[in-house]
Amino acid sequence: MNNEQHNPQTAGTRPAACPAAGNDSAVIAQATTGDYKYGFSSDIDTEIIPPGLSEDVVRLISEKKKEPQWLLDFRLEAFRYWKTLTPPTWAHLDIPTIDFQAISYYAAPVKKEGPKSLDEVDPKILDTFNRLGIPIEEQKALSGMAVDAVMDSVSVRTTHRERLAEMGIIFCSFSEAVRDYPDLVRKYLGKVVGYRDNFYAALNSAVFSDGSFVYIPKGVRCPMELSTYFRINSAGTGQFERTLIVADDDSYVSYLEGCTAPMRDENQLHAAIVEIIVEDRAEVKYSTVQNWYAGDREGRGGVYNLVTKRGLCRGTNSKLSWTQVETGSAITWKYPSCVLSGEGAVGEFYSVAVTRNRQQADTGTKMIHLASGTRSTIVSKGISTGHSQNSYRGLVRVAPKADNCRNYTQCDSLLLSDTCGAHTFPEIQVANPSAVVEHEATTSKISEQQLFYCNQRGIPTEKAVALIVNGYAREVMNKLPMEFAVEAQKLLEITLQDSVG
Amino acid sequence: MKSLSQYINLYAECRRQLDLVPKPIAALRPKALDALRVFSEQTMRRAPYTEAAIDRLLEPDYGLNIQRMGFAVDLSATFRCEVPNISTLLGVTLNDTFRPTESLMRNIPEGLTVCSLTKAAAGMPSVVERYLNTLAADSTPQAALNTLLFQDGVFVYAAKGVSVERPVQLVNIFNAPVPLMAPRRLLVVAEQGASLRLLLCDHSQRNDIDYLSNEVIEVFVHRDASVEIYTIEENGASTRHITSFHCRQEEGARLTLNTNTLSTATSTATYTIDLAGTGADTRLGGMVIADAGQTVVQNVELTHSVPDCTSTQNFKFALSGKSKGAFGGKIVVKEGAVRTNAAQTNRNLIASDDARMTTAPQLEIYCDDVKCSHGATTGQLDPLALFYMRSRGIPEAEARLMLTQAFMADVVDSISYDLIRDRLRQLVERRLSGEKASCAACAAENTCHC
Amino acid sequence: MKEALLKVENLRAGIDGKEILRGLNLTVHPGEVHAIMGPNGSGKSTFGGVLAGDPRFSVESGSATFHGTDLFGLSPEDRSHEGLFLSFQYPVEIPGVTMVNFMRAAVNAKRKYFGQEPMGAADFLKMMRQKRAIVELDNKLASRSVNEGFSGGEKKRNEIFQMAVLEPRLAILDETDSGLDIDALRIVAAGVNALKTNDNATIVITHYQRLLDYIKPDFVHILYKGQIVHSGGPELALELEEKGYDWIKQQHQS
């Protein structure tokens with residue numbers, strides 16, 4: 001335990017006030033500094049275990065969390081399997097070698113006892129969340145949003161729990177779920193994303209520290225948006241959270257996920273798993289606004305966001321809809337997917353991914369049609385600028401026995417600089433003659449005609465770009481719940497400031 | 001790739017015979033051998049279907065005609081040209097041995113060379129050296145294997161400014177009493193301002209014997225030159241075909257490539273095209289009709305390296321029976337290749353429960369001032385159109401045939417040379433109506449005398 | 001009295017398990033023109049589709065006898081050969097198939113059905129020319145793909161042209177007036193009337209009375225909720241024109 005580390009090096013925790021004057025046009029220089037408004041670090045007592053990963057560390061994590069034996073076994077199995085793997089290299093990403101022994105796998109805000117009410121929560125944490133714009137205190141009643149906030153790896157506070165509990169809805173931190181609903185967790189954990197799924201899934205399965213757990217019972221429509229904000233705070237730590245959502249028959253839930261991290265020089269690792277199970281006629285909407293710290297203009301620092309998200313629509317006429325707005329992270333590697341194994345199940349994926357500076361994103365989805373009458377829609381909008389690389393990667397598969405399946409994919413790329421890259425790697429596998437699968441993709445730069453038209457009407461270029469890009473991304477933004485849509489729109493605008501010279 | 005070691009051993013054993021080729025060819029062997037040794041240590045590249053994986057295709061123990069034995073085949077008796085009424089400059093490659101026809105020798109125009117590659121390598125070594133294997137460059141196991149083993153090939157050369165109206169028709173024929181691999185090689189050079197039409201036909205005359213054609217084609221289109229290439233593959237049910245097509249286009253050069261796979265056991269082709277000069281233009285069209293257990297894989301790797309080039313691609317598959325199709329189309333636009341205009345479509349029909357289609361259209365773009373698009377669809381014939389036709393009395397089978405033909409119409413219609421276009425239309429109709437495509441079945445009078 | 005050309009009894013049919021026709025009865029004799037009218041969603045187009053064999057619809061029970069033959073036992077193409085013609089409300093566009101090839105395939109399939117040789121090219125083109133004149137269809141359309149890029153009026157005239165070529169014993173005109181301006185309507189109607197004989201019959205499916213000013217019906221039926229709830233002479237159409245469909249709906253609230 002090393003309490004010193006709660007106060008990390010200060011470099012990079014504040015926006016640089018004045019960019020180095022270089023040959024780059026002042027506009028671009030301005031655009032690429034000083035606008036990461038979430039780049040502060042909270043001065044909170046943090047309990048961190050020393051860097052390194054071994055069976056002992058896995059045992060220590062499990063012990064700290066007072067976990068049952070079966071969960072420790074699960075972790076150890078995953079860890080042993082992980083040791084046999086090497087990181088995947090197939091993505092269109094240049095991932096520097098990650099020293100997995102240099103990362104601390106557990107960092108929790110120090111707390112004497114679990115807080116019973118908001119009063120007991122460290123005011124600094126509350127302040128952090130307030131600065132993030134998270135409606136955790138007064139706003140909670142107004143917004144009607146139940147929030148679980150995960151700082152570093154530990155769930156800090158879940159609001160509205162009592163009200164939800166009256167309806168039989170479980171919304172709590174993963175650790176609490178393990179303690180209070182072990183049978184439910186054990187029944188579903190690793191069933192959609194097994195620890196053998198991939199390198200990062202194995203890593204997460206071994207060391208995950210917390211996350212959120214949601215269970216919506218039969219026939220219940222969750223009356224409010226459930227929301228989790230993830231924040232990496234401590235230096236040199238990784239965040240490995242795990243989210244498990246189960247929507248029982250005829251239920252509905254809309255789940256929001258927000259992510260931020262302070263600015264730091266070194267890279268931080270985020271390897272999460274999200275598993276969703278959707279039963280008969282149930283519907284889950286999962287929305288993400290991802291704004292992890294993306295590194296500076298030269299590509300220093302930033303979060304490696306290497307995430308496995310998958311939902312299993314095993315219920316008849318079940319529906320899972322992923323919506324994501326990705327603006328942050330130095331590296332994004334993530335493919336929220338739907339396995340459509342219930343007849344008539346519906347999968348959706350709506351994505352806006354913005355990359356700039358030296359950011360790299362390789363993101364997309366998989367739609368696996370295993371049952372008849374399943375339908376899926378994919379809308380992906382990539383926007384790249386600076387020296388960034390932005391890739392869409394997708395798989396649509398129709399199994400031999402799945403009759404009358406439909407997929408429509410629209411995947412557009414917008415290029416805002418002549419030094420960025422925009423790539424599209426879809427794959428379509430059809431093994432049933434009744435399937436109709438359509439894929440369309442376009443790549444183009446922002447229309448000079450549109451810009452000129454806006455300019456002529458007195459709209460400055462910067463604003464015009466934001467307008468045009470917002471219009472371009474609108475189809476996806478419209479899928480976000482209202483509160484999120486506003487935030488996401490602002491985020492887009494900030495991200496794109498001055499990105500066209 | 002385990003399959004390669006048998007060929008490496010074969011080369012060691014038969015090196016003396018294999019290197020009895022003119023120096024420009026023999027000089028390529030050592031590098032090819034090195035490349036193969038490296039490939040043999042590597043795991044194979046992912047293929048959409050195992051039967052189309054190169055490792056699997058090269059695995060059987062095929063014979064190679066290393067001793068250059070002549071097979072006693074009366075070409076004129078067995079081969080009837082599938083493309084009659086076109087007066088072509090015809091050359092035939094039997095297995096892997098090129099045989100120019102008399103009419104070719106008689107009618108070849110000034111400035112055009114069509115001859116065996118060995119002859120060219122001996123007679124004009126500097127030209128052959130300048131081009132041969134510079135594009136394929138042992139970049140894949142199949143290309144390196146071809147370079148290690150090929151003993152003959154075809155050389156087509158159009159001198160500066162020479163325009164040849166009459167198509168050069170090169171027919172590849174398999175006919176051997178034993179399983180045979182033919183490493184076929186074609187080198188095409190169109191000098192500045194030249195224009196050239198090539199019709200490449202593939203036939204195997206026996207259905208019951210395993211043949212493998214491992215073909216490498218290199219095409220150089222110089223400044224403001226134009227090359228049109230039409231391929232028709234009508235192979236037997238036991239013939240497998242690997243094609244490595246490479247083309248480099250200089251400033252203002254035009255390439256039209258139209259590939260038609262009408263029958264085969266397994267056919268896998270990669271078309272690698274580099275638009276290396278500004279203002280170059282590429283038009284690719286491809287049609288695949290497959291049924292039974294046929295597998296057809298088509299890959300395009302098209303690179304826009306410089307500004308102001310255009311490319312269009314239109315690939316269509318109609319699959320029935322237990323056939324499998326795969327299309328991989330990659331467009332790369334390099335940094336600085338501004339004002340690129342690249343479009344690709346891939347549309348596929350699946351007409352049976354057991355047919356499979358995999359599509360991977362890819363865009364890799366490193367430049368902002370571009371217009372790039374791709375579209376891919378996989379589905380079936382429009383049921384409304386089918387009912388409309390049946391309600392007018394057209395029997396279902398015929399309606400399906402007409403609709404499938406209509407589906408392919410734009411690929412065929414895009415062929416600018418009308419005689420080839422019309423002939424291909426007939427071939428497609430005949431193919432779709434279930435008639436087995438084979439040379440012997442074509443009873444039409446023809447002007448080709450082999 | 002002549003033998004019935006079409007006798008539909010107790011027809012129940014629907015789409016995707018939803019019943020649309022709920023026990024429909026209709027008898028048509030040679031030489032007759034029947035109009036079937038009714039509000040939207042009453043099952044008018046379903047009726048035409050079911051008779052022609054549109055695979056989207058399924059017949060649950062009931063029968064349709066077409067000059068002595070069990071219609072539902074025939075494939076769509078054989079129904080056509082036997083003389084049933086459906087003029088589609090929305091004629092289907094078939095890119096890549098030219099009108100000439102389309103019609104040649106249709107004509108020769110019918111000839112084959114009756115054991116005749118295919119029609120020679122010259123005779124066929126001559127016939128096409130003659131039939132086109134009936135609906136004043138532009139010659140240029142013949143070389144175009146079926147219905148592709150045709151205007152609304154051209155599509156409907158193309159339907160009647162096909163009817164003229166195939167010479168059906170029973171023509172079902174499904175909302176042939178929809179989307180037509182008055183000139184096109186007149187041409188289409190004139191075409192239909194020109195093709196009328198004492199041996200064939202026509203069923204005109206329409207929402208409005210307008211078309212019936214040009215194609216005079218002998219009988220008018222009102223289809224409502226999948227059943228024929230009223231039958232009468234031409235005067236019934238005028239009554240509908242005046243009063244609308246509300247009184248029918250009121251009478252049959254259930």
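A salt bridge is a side-chain nitrogen of Lys or Arg within 4 Å of a carboxyl oxygen of Asp or Glu. Keep that rule at hand for the first exercise.

This is a predicted model, in which local features need pLDDT of at least 70 and side-chain atom pairs count only at pLDDT 80 or more, while totals for chains, interfaces and linings use all residues. Residues are numbered from 1 along each chain as its sequence is written, chains are lettered from A and ligands numbered from 1 in the order in which they are written, and side-chain values use heavy atoms, with hydrogens and water left out.

**Exercise 1. Describe the interface of chain B and chain C, from its salt bridges to its residue classes.**

Step 1: Start with the salt bridges. The rule finds two of them across this interface. In one salt bridge, the side chains of Arg390(B) and Glu77(C) meet at 2.5 Å, N to O.

Step 2: Locate the elements on the side of chain B. Helices (H or I, at least four residues) and strands (E, at least two) are DSSP runs, numbered from the N terminus. Both α10 (383–391) and α11 (396–413) of chain B supply at least two residues of the side that touches chain C. The largest share of that side, seven residues, comes from α10(B).

Step 3: Sort that side by class. Ala, Val, Leu, Ile, Met, Phe, Trp, Tyr, Cys and Pro count as nonpolar, Asp, Glu, Lys and Arg as charged, and the others, Gly among them, as polar. The side of chain B that touches chain C has eleven nonpolar, two polar and five charged residues.

Step 4: Look at contacts (heavy atoms within 4.5 Å). Here 18 residues of chain B are in contact with 32 residues of chain C.

Step 5: Turn to buried area, the accessible area (1.4 Å probe) that two parts lose on being put together, summed over both. Chain B and chain C bury about 1,900 Å² between them, and carbon and sulfur atoms give 70% of it. In chain B, Phe387(B), Tyr388(B) and Arg392(B) lose the most area to chain C, together 43% of what that side buries.

**Exercise 2. Now describe the interface of chain B and chain A, and find a strand pairing across it.**

Step 1: Take the totals. The contact involves 32 residues from chain B and 34 residues from chain A. The two chains bury about 2,500 Å², with 49% of it on carbon and sulfur atoms.

Step 2: Check the pairs. The rule finds zero salt bridges here. A polar contact is a pair of N or O atoms within 3.5 Å; within protein, one must be able to donate a hydrogen and the other to accept it, and residues adjacent in sequence count only if both atoms are side-chain atoms. There are 14 residue pairs in polar contact across this interface (both at pLDDT 80 or more).

Step 3: Find the elements. On the side of chain B that touches chain A, β18 (356–365) and β19 (370–379) of chain B are the elements that give two or more residues.

Step 4: Follow the pairing. Two strands pair if DSSP finds at least two bridges between them. Strand β23 (residues 421–430) of chain A runs antiparallel to β18(B), joined by six bridges.

**Exercise 3. Is Ser311(B) buried or exposed, and what surrounds it?**

Step 1: Apply the cut-offs. Buried means under 20% relative accessible area, exposed over 50%, partly exposed in between (1.4 Å probe, protein chains only). Ser311(B) has a relative accessible area of 2%, so this residue is buried.

Step 2: Ser311(B) lies in strand β15 (residues 310–319) of chain B.

Step 3: List its surroundings. Leaving aside neighbours within four places in sequence, Ser311(B) is in contact with Thr282(B), Leu302(B), His304(B), Asn341(B), Ala342(B) and Ala343(B). The side chains of Ser311(B) and His304(B) are joined by a polar contact of 2.9 Å.

**Exercise 4. Look up the phi of Asn133(B) and of His67(C).**

Step 1: Recall the background. Most residues other than glycine have a negative phi.

Step 2: Read the values. Asn133(B) has a positive phi of about 65° although it is not a glycine. For His67(C), phi is near 30°, also a positive value in a residue other than glycine.

Step 3: Asn133(B) is in the loop between α8 (125–131) and α9 (141–149) of chain B, and His67(C) is in the loop between β4 (57–66) and β5 (69–70) of chain C. Asn133(B) is buried at 8% relative accessible area, and His67(C) counts as buried at 18%.
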